[in-house]
2 protein chains.
Amino acid sequence: MNIFDASVPQLAKTLTNLENWLAAATSYADKRKFPVDNLVTARLAPDQFAFSRQVQTACDNAKFIPGRLSGKEWPAHPDTETTFEQLRARIASVQSYLTTFTAADFADAEERKISLPWMEGKWMFGQEYLTQFGMPNFYFHICNCYSILRHNGIELGKRDYIGGVPLRS
Amino acid sequence: MNIFDASVPQLAKTLTNLENWLAAATSYADKRKFPVDNLVTARLAPDQFAFSRQVQTACDNAKFIPGRLSGKEWPAHPDTETTFEQLRARIASVQSYLTTFTAADFADAEERKISLPWMEGKWMFGQEYLTQFGMPNFYFHICNCYSILRHNGIELGKRDYIGGVPLRS
């Protein structure tokens, strides 16, 4: 088990799933004749991030995780998206960044010291960061995107969330 | 990076977080003077699992993952919980099961062939199962528990979701 396999392909696949949910929401909005961008500000609690910020944060997690674990610079995104079209472009930008990684970039990742601003100078090992912070945080925002769309009537199910898996025979 | 570290302690910690959310919901219900068990059937979409089934399924994921990866039998749970008290007992039972594992149980886990009923005879490697199915599925139901409670007014935040992390200096 290595950190590359446990992160980059799974982040990329999950972002592809997210893209599919945005496409499903767009189809649903067209069919029901409402502007899909009405969903951009949807949220499940008044003090929860709105849908757009859930997508932005999931995208940030997906670039921060491999960026921090490899020490490779990530693209900047100023969080200005206000439409589905712009959110889809944001996802595509991070997908493009993810394609730049290979397993070799993660040779030192397990033992790398990861320090985030809120840690006030303290740090975690790369593998702790991935398992205990990075991936749970990513799934949190991904699941919030999913739940906000489901709550608003978009037909999504567990298969749309998991995406394709390698079945061997 | 090994499969034990990537699964058992993280599953256990996240179930502890879930227990804390149930306790927070109970306090909130007491304060607002409604029976906390009103939340057992709450859901965010009419065709989504209710809260009780989200907890049951998260608990199932937390026992299936190490059980399947190690080949160790897991306790049966008949899904009869209808109260918060019973749901908390369910979580405690799985927590107890998780304490029976050590890293040695996972010596063959990465290469173990994992086959689930819906795979129709096909299989995944243990590490693929963990990364691409087991953990995402676990977080899905955990996040649904969280979102259902948040949507119903319970005060929870990202720290309650992530739980404690090892900060080194």
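Axes here are lines fitted to C-alpha atoms, for helices over the stretch in contact, and angles run from 0 to 180 degrees between N-to-C directions. Helices (H or I, at least four residues) and strands (E, at least two) are DSSP runs, numbered from the N terminus.

With that in hand, let us look at this predicted model, in which local features need pLDDT of at least 70, side-chain atom pairs count only at pLDDT 80 or more, and totals for chains, interfaces and linings use all residues. Residues are numbered from 1 along each chain as its sequence is written, chains are lettered from A in the order in which they are written, and side-chain values use heavy atoms, leaving out hydrogens and water.

**Inside chain A**

Helix H2 (residues 51–70) and helix H3 (residues 84–98) of chain A pack at about 10°, their axes 10 Å apart. H2(A) and H3(A) are therefore roughly parallel to each other.

**Salt bridges**

A salt bridge is a side-chain nitrogen of Lys or Arg within 4 Å of a carboxyl oxygen of Asp or Glu. The whole structure has 14 of them over all chains, and four cross the interface of chain B and chain A. Here are two examples from the model.

| Salt bridge | Closest N and O atoms |
|---|---|
| B:Asp47 with A:Arg150 | 2.8 Å |
| A:Lys72 with A:Asp105 | 3.4 Å |

A:Lys72 lies in the loop between H2 and H3 of chain A and A:Asp105 in the loop between H3 and strand E1 (113–114), so this pair ties together parts 33 residues apart in sequence.

**Where the chains meet**

Chain B and chain A each bring 44 residues to their contact. The area buried between them is about 4,200 Å², with carbon and sulfur atoms giving 60%; buried area is the accessible area (1.4 Å probe) that two parts lose on being put together, summed over both. In chain B, the residues losing the most area to chain A are B:Met1, B:Phe140 and B:Arg168, together 20% of what that side buries.

Terms used. Contact means heavy atoms within 4.5 Å. Angles under 35 degrees count as roughly parallel, over 145 as roughly antiparallel, 65 to 115 as roughly perpendicular and the rest as oblique.
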